[in-house]
Amino acid sequence: MRLLLSLLLLFASLASVAEGAQRFEPTLPPGYAPDKSTDEGGLWYQVERFEEQLQTSPHIIRNTALTEYLEELVCQLAGDYCGSIRVYLVKNPHFNASMYPNGMMHVHTGLLLRVANADELGAVLGHELAHYLRSHSIDQWRNAKKSLGIAAFIDIGLAALHEDLHGLARDVATVGLMRYNREQESEADAYGVQIIATHGYDPAASVSLWKYIEAERGADKSKDTSSIFFATHPKVENRIARLKQHIKRYGKNPKTDETDLDEFQNLVVAEYEGLMDEQIALQEYEQTAEMIDRHAAIGYPDSLIKFYRAELHRQRKKFGDERAAIDLYRKAATFERTAARSHRELGYLYIKHGLNDAAKDAFESYLEITPNADDREMINFYLETLR
Amino acid sequence: MKKISILALACMLAACAHYSLAPEGAHTVQGMSFVSTTDWNKSSLRSGAKSEVWTKDGERLNQLTFIGGIKDGQTIFTSRSKELPMPEFRANMLPNELMELVVTSLKNSSGGELVIDATNLRPQRLQGSIGFRFDMSYYDSNGLARRADCIMVKKDDRLNLIIFSAAGMHYYPKEAAEVDSIFSSLQL
Amino acid sequence: MQNVTFFSRWTGASCWFSTAAKVVFLCIAAFATGCATTQNISQVEELSSAGEKVAILMMPMDVELTEVSASGLEEPQADWTENAAKYISQAIDARIAKYGYSASTYESRIKDPASDTVQLVKLHEAVGQSILEHSLGAEEYKLPTKKGRFEWTLGEKAGLLKDETGADYALFVFFRDSFATGGRIAQQIALAILTQGNHQVQGTPQIGFSSLVDLESGDVVWFNQLVQGVGDSRKQSVANTVAKNLLAGFPAK
């Protein structure tokens, strides 16, 4: 049912050779809705209720420039099916997007930090749309019903939004029921490439995205479960190899100026702190470092890169991290956008190192920039005691 | 036979809290001494080895959680997930880090799903020590807006804290003055 | 001493366990006898209004019907639910009219999760579950400070609904035929027990609760919990019985 871009999918060897040359067509007409008395009608009903709940959910980001952009991009890629698709931006720092049978699409905020540009975003959205256009949900639902011999529950509620947050355990629990099978994923990959290529986006974006995702997962040194999983199921390279074959058929679309940020990148930069604070809170330091490296390569502003590298060091708290954080905060403090927070963190770090005069200066700079900061009482307390 | 197994299971599942009266007046909970001006219900549930939970109207609506004597290297709540380890308390932590410690611990205790807005970090003068206090607001997984007030005191390199959390509507403001008075009376 | 995770207490999700266990008991009892069990508390003998007639606002009903297949897979049934919701709602309207009160349905287009109207509904969910646990639950779950009094409220913000609609009271209804999405833990446990114990679910249990809130004070003035096994709520005749049971003990002349 959900979880499309999961690395947990096994892409072993089942590629059908014919598929590469196939041109995909939707299996449902625009504006499709099932009969209410059918099993599909029941599934839709449940999903629609979920969507109703979602509309008053605090976990959704509404009416921002980013959501408008997403809606437009999805609409463009969906073409005749634009009216059937509704996209929701879900506050969730993990890499995911999902498609529901009634045309509800979820995009996680974590996706926005991981796609490098509009092309890569398009690749994910194209893949999701392909699931919809090929009616994968209902097929999967029927298969699950046929094959399940044990008690199983469809549990669509707001909690489902977070189901894949810490993936593995819950994925195993819902195996078979909530996920597209590998043939469907494979088809969605191929159809997704077709969709973005025919809309002027770079079809190779799907490969560059997966390569990055693989690098990010590979950077994970700290957590046993996912690295073991990664070691036993490293089939992203197969996925990449097969995507490359699909891409060959379309050639390259002309790219806009590589050095300037595209509209999507600018929107991400505008929301960067909010997105990145949630990413940092995951405490996945190695992966986040990999992510910031990529952002630096994309050309995201130096202020943000320096500041979040500093945040990573400060919060990781390993040997040498505080020193590194101080150096980076000092650089970030020279930029208007990151000055206030950098000065404040410098103040605290200097106190820890017994550099009281420097701490005082830093706190004073912080309050100079943000005299109404909500923690001004705390800062003033230190300014008094540091005298 | 069937009925017996159902009965047995149902009994095991009756894992709810039970309550005893915590009357108004002086208390010492997890090493923290304070004075309450109204009666509370002490719950049998706890969030970790060094904790105690009080409530007025049931934990869904409001709860006062006491956590005392956390040593360097220990976590505020019991770690349950390798994927989302609980951050450890360090004796040299400054108030900004203590606030982050509490926020991350709460977030991770919910599987990482809470988006907690922490504000108004400030010192609070107590008898014989300085505490640090801040506010939180967030939505629980059902979409109910909740607010929380947290006070943290370090004593002999150990962290002690009290968190009051409640539904933002009615149940938080209802107890705000009582909670403020409990926090202000805190002594270690 | 019980050791639970902080979060479940924090959001209050966990104590469905006790409710689940209790509901299972009640269900078994209901199946055994084929009749309904209701438990209700009323703070008032009759309702009052400053206007001519007591006006009751029907909040959007939270109703869902699901089919439990032999394999244990629950299937949502769109047409059943729509019919049941319609029938139950009509039957409740008719009963309220019979009591001499006027009923209107609340429709809000406000989607903002921070809005008072959305939060009132969320708060009612939490208060309703607290009532099930601490007022109607087992003796040991009772709160000593309440001293047996039924004191539950949504608070002064409930007045916003009065301002908006002019109603005197708001009626909230939650109903599930078989164990569906609300109270997920409860369903899972209950279904696991039922399927393991019986291999196949015999009929479908029905659970629900309804509460009446005074929009002047925000206080819950009447609350009713229902567990029954009366049959197929897709049928109008059964829906009438469901409505009757959901309103058991409703304060009326």
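## Two helices side by side in chain A

In this predicted model, helix H14 (residues 302-316) of chain A packs against helix H15 (residues 321-332) of chain A, with axes that come within 8 Å and cross at roughly 155 degrees. Angles over 145 degrees count as roughly antiparallel, and H14(A) and H15(A) are therefore roughly antiparallel to each other. The crossing of H14(A) past H15(A) is left-handed.

Which residues bring the two helices together? From H14(A) come A:Ser303, A:Lys306, A:Phe307, A:Arg309, A:Ala310, A:His313, A:Arg314 and A:Arg316, and they meet A:Asp321, A:Glu322, A:Ala324, A:Ala325, A:Leu328, A:Tyr329, A:Lys331 and A:Ala332 of H15(A). Sorted by class, this contact has 7 nonpolar, 2 polar and 7 charged residues.

## A look at chain C

Now to chain C, which has 7 helices and 8 strands. The chain has 253 residues, and 51% of them count as buried. Among its contacts with a separation of 6 or more, 76% are between residues 24 or more positions apart.

One pair to look for is C:Met58, whose bridge partner in E5(C) is C:Thr105.

E2(C) also pairs with strand E6 (residues 169-177) of chain C, in the parallel sense and over 3 bridges. Here you can find C:Ile56 opposite C:Tyr169 of E6(C).

How values were computed: Residues numbered from 1 in each chain as written. Chains lettered and ligands numbered in written order. Predicted model: local features only at pLDDT ≥ 70, side-chain atom pairs only at ≥ 80, totals over all residues. Helix = DSSP H or I, 4+ residues; strand = E, 2+ residues; numbered from the N terminus. Buried ≥ 20, exposed ≤ 12 C-beta atoms within 10 Å, placed from the backbone. Contact = placed C-beta atoms within 7 Å. Pairing = 2+ DSSP bridges. Axes fitted to C-alpha atoms, helices over the stretch in contact; angles between N-to-C directions. Parallel < 35°, antiparallel > 145°, perpendicular 65-115°, else oblique. Left-handed = near helix turned anticlockwise from the far one by under 90°. Nonpolar A, V, L, I, M, F, W, Y, C, P; charged D, E, K, R; others polar.
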